[in-house]
Amino acid sequence: MVFDLDVLQVEERVAFLLGLASGVDVPDRASRDVTALWRDYRRFVGLSDGSIDALPGIKMEGGGLSKVRAAVRGRHVALLYGMQAFARLHLKQFIAGEELSATVQGPVTFRLGAETESISFKGNAVEVFIARMVLVLGEVPRNSLAACPECGTFFRRVRRQIYCRPQCTDRATWRNYPAKKKRAARAKQYEKHGWALGARSGRQVPRHK
Ligand SMILES: [Zn+2]
């Protein structure tokens, strides 16, 4: 397969990377989700929308279409899980300001057209993924991506945002709250709601006499 590595549609590609890195582990996803992920992967690397099952290393053998589909799915899961691991690792390195590199083995062609420049090369699916990832990240300021210290989600950062969502901010704020203030806040909650909130809510202590 030949991959054209233009660097258009950076935003869409960054969104795919963040989603892949932050999402559920690929082997734990439903079959339908893996198919969708594979389609998104093809868009990410820049493969034209051909047959979803077109993948190197898959031979049609006896046993019917379902057997072939199962084999294709197994291979998609293995490849995508490998890419997910690379996405997590490279995003972490990128955010930490470390160097990223991609190596491809096949012949590489640089093309300069009237209005476009492109690089294309032959390679396997994972090599292509990493090469595309490095090129896309090269278009993004490093401080615009972050990993949430509370839940590990990778996200596009707005200004000096630290946590990925308000729930993570609240959780961290509560944990870093001084013990004395926590006690005061809990006492206030108890006065208002009794045991109706929090860990002891199952005990059904009567709230009103
Ligand atoms: Zn978070």
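**Group meeting: helix α6 and its protein chain**

Good morning. I begin with helix α6, which covers residues 179–193. This helix has 15 residues and reaches 21 Å from its first C-alpha to its last, close to the 21 Å expected at 1.5 Å a residue. Please bear in mind that we are looking at a predicted model.

Is helix α6 buried or in the open? Of its 15 residues, the number buried is zero, so α6 lies largely in the open. After the helix comes G194, and the phi of this residue is positive, near 65 degrees.

Let me now turn to the protein chain as a whole. The chain contains six helices and five strands. Read from the N terminus on, its elements follow the order β-α-α-α-β-β-α-β-β-α-α. How many of the 209 residues count as buried? The share is 18%. As for contacts, I consider those between residues at least 6 apart in sequence; of these, 61% join residues at least 24 apart.

Where is R159 placed? It sits in the loop between β5, residues 154–156, and α5, residues 166–175. Although R159 is not a glycine, its phi is positive, at about 45 degrees. R159 has 6 C-beta neighbours inside 10 Å. Since a residue is exposed if 12 or fewer other C-beta atoms lie within 10 Å of its own, R159 therefore counts as exposed.

Thank you for your attention.

Definitions and conventions: Residues numbered from 1 in each chain as written. Predicted model: local features only at pLDDT ≥ 70, side-chain atom pairs only at ≥ 80, totals over all residues. Helix = DSSP H or I, 4+ residues; strand = E, 2+ residues; numbered from the N terminus. Expected span 1.5 Å × (residues − 1). Buried ≥ 20, exposed ≤ 12 C-beta atoms within 10 Å, placed from the backbone. Contact = placed C-beta atoms within 7 Å.
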